[in-house]
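Reader: I am new to this structure and would like to know what stands behind the words used for it. Please show me the sequence and the model, and then let me ask.

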Amino acid sequence: MHIQNAPLITLYILSLLLLTGCWDSVELEERAFIYGVAVDLANDSTKNDYQLRLTDQLVVPSGINTTSEGVTNQKAYRNLSKSGDNLFDINNKISKQENRTMFAEHLEVIIFSEEVVMQPDLFKKSLDVFTRTQDMRRGIKVAISKGKANALLEIVPEDVKLPSEYISTLLENQRSAEVSYPLRLGDLNEYLLMELSFVMPYLYILDDESIENDGVAVFNGKKGGIVGILNGTLTKGRNIITGDANSGTISISADDTKFTAELIDNKSKINLVNEKKNNLKFQLEVEVTGIISETADKNNPFTNSEAYEEELVKKISSLIKQTIEKAQNELQTDIFKINVYLRNHHYTLWESIKENWDTGENYFRQSDISVDVDVTIEHSGNTLYNSEKEGG
Amino acid sequence: MKRQSKINHKKNEELSQDNSSFPIEISHYLEDNINIIKKMLGNPSDLIIRELTLGNQRKKAAIIYINGLIDNQLVQNNVLKEILSNQTETKTDLLDYLYQKIIAITDISKVKTLDDVSFGILSGNTALYINETDTVLLMGTASGEHRSIEEPQSERLIRGPKAGFIEDINTNISLIRQDIKDPNLRFETHHIGRRSKQKIVVSFIAGIVNMNIVNEVNRRLKSIDTDYAFSSGEVEQWIQDSFLSPFPQIGDTERPDRAIQSLLKGKVVILLEGTPFVLIAPITLVETFHSLEDDNQRWLNGTSLRLLRYLTAFIAIFLPSLYIALVTYHPEMLPAKLIFSIAASREGVPFPAFVEVVIMAITFEILHEAGIRLPKIIGSTIGIVGGLVIGESAVSAGIVSPIMVIITALTAIASFTTPQYSMAISLRLLRFCFMIAAAVFGLYGVILVYIVINIHIVNLKSIGVPYSLPFAPLFIKDWKGLVIRSPLMMLMNRPNYLKVTDKRKRRQTK
């Protein structure tokens with residue numbers, strides 16, 4: 001195997017590699033990572049001509065480094081804002097201020113301010129850039145903020161260096177039943193394309209160092225905007241109906257009884273029982289499993305858990321009723337994923353009603369949802385509590 | 001090649017000219033013979049010629065040997081003493097009488113050519129010349145100095161025999177013989193080295209081995225034409241299949257147990273005089289990651305250790321190139337927090353990632369090389385200089401990032417887990433190819449080089465046996481013994497990829 005002109009061939013190959021290569025190479029220290037984005041209405045926007053204000057949160061790596069000697073009080077982020085017509089254009093404007101290449105593939109959260117999503121179709125329009133651009137991931141979390149969204153990107157708790165990281169982990173924390181699941185950009189995009197209604201996490205600033213995730217913003221798919229806010233308690237009701245309340249608590253505090261149950265499991269099943277368009281009837285079966293975590297009740301939870309279960313059924317039923325009423329009458333928007341159920345199980349019916357499901361004719365509002373609640377106390381806790389001590 | 005053969009040709013002529021000044025046959029007269037031997041060897045000071053007179057016939061004789069190569073005790077007691085004390089006997093054929101009755105040495109032969117005599121003397125035999133006789137008695141009295149059997153330094157095992165091969169080939173052969181008492185164990189001897197005339201022994205077990213492999217090895221060994229094979233490494237390079245390949249195509253070992261295991265698998269073991277490293281052929285890629293430890297431990301441990309070694313081989317080859325590719329081309333492929341902390345550690349580093357990696361990798365290679373070359377006592381200082389001074393201060397001086405030090409260290413340690421040292425150094429070399437590819441094309445380049453190497457491996461052969469066995473061609477039944485280490489009950493048969501004659505290895509007793 002003797003190759004003639006071997007040195008020449010090697011030279012060709014080497015120059016092919018060395019002269020053409022490296023065109024996509026950007027060193028890590030030359031990149032600016034966009035970690036969070038906030039979208040607000042600009043101050044100078046008028047009723048008909050909306051101007052958006054985009055805030056990019058860029059990571060400053062040297063501020064993150066905790067290993068170096070001496071605790072630096074350097075900020076780990078840098079927020080840059082600009083106003084303009086559309087987001088991609090604004091982002092381009094922002095890059096004029098930044099010495100490094102902007103890099104959005106590690107984007108973690110997008111926060112829209114309430115006023116942006118309240119405008120019909122503006123939200124949908126401004127979301128396009130996040131789904132159309134190649135370097136956006138479907139796992140980016142989307143949330144709605146009360147007040148200005150860019151203010152949230154300034155909240156730094158003591159233990160987290162990046163506000164976006166704080167918001168992201170905050171959204172993921174599902175220990176309470178009064179919050180919604182984090183909304184992924186991919187799912188959001190699907191809902192928007194199918195024009196379904198859904199709920200979004202709702203954040204507001206508590207103080208300089210904390211944000212609270214409480215309640216949900218209700219988005220009406222047909223109207224293309226936020227129709228209202230569901231507070232924490234009703235969000236819990238909504239989560240129990242959809243079977244999402246796998247953690248959190250339910251407390252009962254009446255004159256004669258006072259206890260708290262921790263939710264550990266929640267299942268729900270919805271069934272269409274009457275297919276008449278104007279009088280749709282749904283049968284909802286909700287199963288809740290809980291643990292007695294705190295009690296000042298006279299009943300012994302160990303021997304008499306039925307009494308607790310009864311109280312819980314009562315409480316949950318009224319909560320659900322309240323929630324359904326709010327959704328049907330006030331918001332007039334399907335927040336219980338009944339739309340998804342109908343689409344999957346009664347497609348022809350859904351096809352005929354989907355244009356008027358929770359707008360216009362509003363079949364959702366006219367439908368009748370009856371609820372059947374079943375509560376199981378799985379165990380009564382560790383303490384062998386007995387208020388009726390026999391013989392002292 | 002043409003040029004080389006010309007040189008060889010010239011050499012041949014020179015050598016034959018040297019020889020032609022001496023007669024081929026042994027002279028009839030002792031005086032002549034002694035003179036010829038003296039002249040031939042240049043009358044060295046260690047050439048001992050003991051002249052004596054034999055029996056009633058008053059025949060002149062001489063014992064010739066080279067001091068230091070023979071066992072003095074043996075020559076004195078079993079040869080000289082015996083001959084001198086049996087002076088009274090008279091026989092017609094004195095040489096035959098001595099051969100039959102007097103000399104108390106088992107390994108004794110009659111030779112008739114000067115070439116044989118000189119080779120015998122130089123190999124440590126003692127020659128007995130008798131005046132007016134054409135035949136010379138050559139007595140195997142070779143002893144020479146060699147070290148005792150020690151634990152092999154290059155391949156250590158926790159559980160396993162502590163014996164290693166030594167420089168003496170006869171000891172090495174006996175180490176193999178001791179463990180396999182099979183009459184089918186064969187040792188075929190060749191001599192290589194135009195000037196050194198070293199013994200090289202091809203060992204195999206007839207009845208297991210595929211004879212095509214043995215024939216091919218013998219054919220290749222016969223083609224060796226060199227002055228002196230300074231180690232088995234030279235023999236390896238003479239008989240390997242592809243000299244351009246970065247991979248070792250013939251295994252080497254210092255351990256008799258490994259050699260024996262290979263023999264029983266149906267392989268050929270080549271022993272060379274003067275080196276403790278024996279060659280094993282053929283080998284495959286996957287076998288270079290096998291350690292005897294796998295078989296010595298219980299199968300679960302053996303399998304997991306083997307899998308660990310595949311992982312470390314992957315790390316040793318790919319880690320630096322993955323770092324370059326991910327950091328400069330694809331930062332989106334790492335979790336956000338990891339990329340931020342890498343970015344943070346890279347703040348202030350003046351070099352691009354590739355240069356940083358190359359600096360550290362070459363620094364490590366320098367340290368490694370220095371550590372091997374230095375005497376043991378100074379060797380430990382290399383660790384201090386390398387680890388503390390260079391590693392620590394390079395980071396604090398801001399020349400390299402701490403992440404880079406971790407990657408270099410992990411890569412270095414990982415490359416030492418490969419049991420076959422020749423494979424480990426090949427992996428080190430390949431690492432640089434991957435690094436360059438990663439710097440030029442990112443992950444795309446890494447994959448390209450990976451494909452190129454795979455194509456090469458599939459084409460590579462070891463003594464005509466595909467290197468990529470048992471993957472391609474596929475011998476899926478051999479995977480349980482070669483890729484993982486299955487329980488012994490599942491390993492009843494020898495791996496079949498070498499087309500062994502006797503497939504059964506273990507039998508279940510009923």
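Author: What follows is a set of questions and answers on a predicted model.

Reader: How do you know that K222(A) and E195(A) form a salt bridge?

Author: The term requires a side-chain nitrogen of Lys or Arg within 4 Å of a carboxyl oxygen of Asp or Glu. For K222(A) and E195(A) the N to O distance is 2.4 Å, so the pair meets the rule.

Reader: Where in the chain do K222(A) and E195(A) lie?

Author: K222(A) is in the loop between strand 9 (210–220) and strand 10 (225–230) of chain A, and E195(A) is in the loop between helix 7 (185–194) and strand 8 (198–207) of chain A. The pair links distant parts of the chain, 27 residues apart.

Reader: Why is K222(A) called partly exposed?

Author: Buried means under 20% relative accessible area and exposed means over 50%. K222(A) has 25%, so it belongs to the class in between. E195(A), at 33%, is also counted as partly exposed.

Reader: What makes E150(B) and R147(B) a salt bridge?

Author: Their side chains meet at 3.6 Å, N to O, and the limit is 4 Å, so the pair counts. E150(B) is partly exposed at 39% relative accessibility, and R147(B) is partly exposed at 31%.

Reader: What does the salt bridge of E365(B) and R431(B) tie together?

Author: The closest N and O atoms of E365(B) and R431(B) are 3.5 Å apart.

Reader: Are E365(B) and R431(B) buried or exposed?

Author: Both E365(B) and R431(B) are buried, which means that each has under 20% relative accessible area.

Reader: What makes E27(A), E29(A), R346(B) and E356(B) one network?

Author: Salt bridges that share partners join these four residues: E27(A), E29(A), R346(B) and E356(B). Over all chains, the count of salt bridges comes to 41.

Reader: Which residues of helix 3 of chain A are buried, and how do you know that they line one face?

Author: In helix 3 (residues 87–94) of chain A the buried residues are L87(A), I90(A) and I94(A). Seen down the axis of helix 3, they fall within an arc of 60 degrees, so they line one face of the helix. In general, an α-helix has 3.6 residues a turn, so residues three or four places apart point the same way.

Reader: What covers the buried residues of helix 3 of chain A?

Author: The cover includes strand 1 (31–41), strand 2 (52–59), strand 3 (77–84), strand 4 (101–103) and helix 5 (122–132) of chain A.

Reader: Into which domains is chain A divided?

Author: Chain A is divided into domain 1 (26–230) and domain 2 (231–392). Taken over C-alpha atoms, the centres of domain 1 and domain 2 of chain A are 32 Å apart. Their contact takes 23 residues from domain 1 and 29 residues from domain 2 of chain A.

Conventions: Residues numbered from 1 in each chain as written. Chains lettered and ligands numbered in written order. Predicted model: local features only at pLDDT ≥ 70, side-chain atom pairs only at ≥ 80, totals over all residues. Heavy atoms only, no water. Buried < 20%, exposed > 50% of the residue type's maximum accessible area, 1.4 Å probe, protein only. Helix = DSSP H or I, 4+ residues; strand = E, 2+ residues; numbered from the N terminus. Arc of directions from axis to C-beta. Contact = heavy atoms within 4.5 Å. Domains from an automatic or database assignment.
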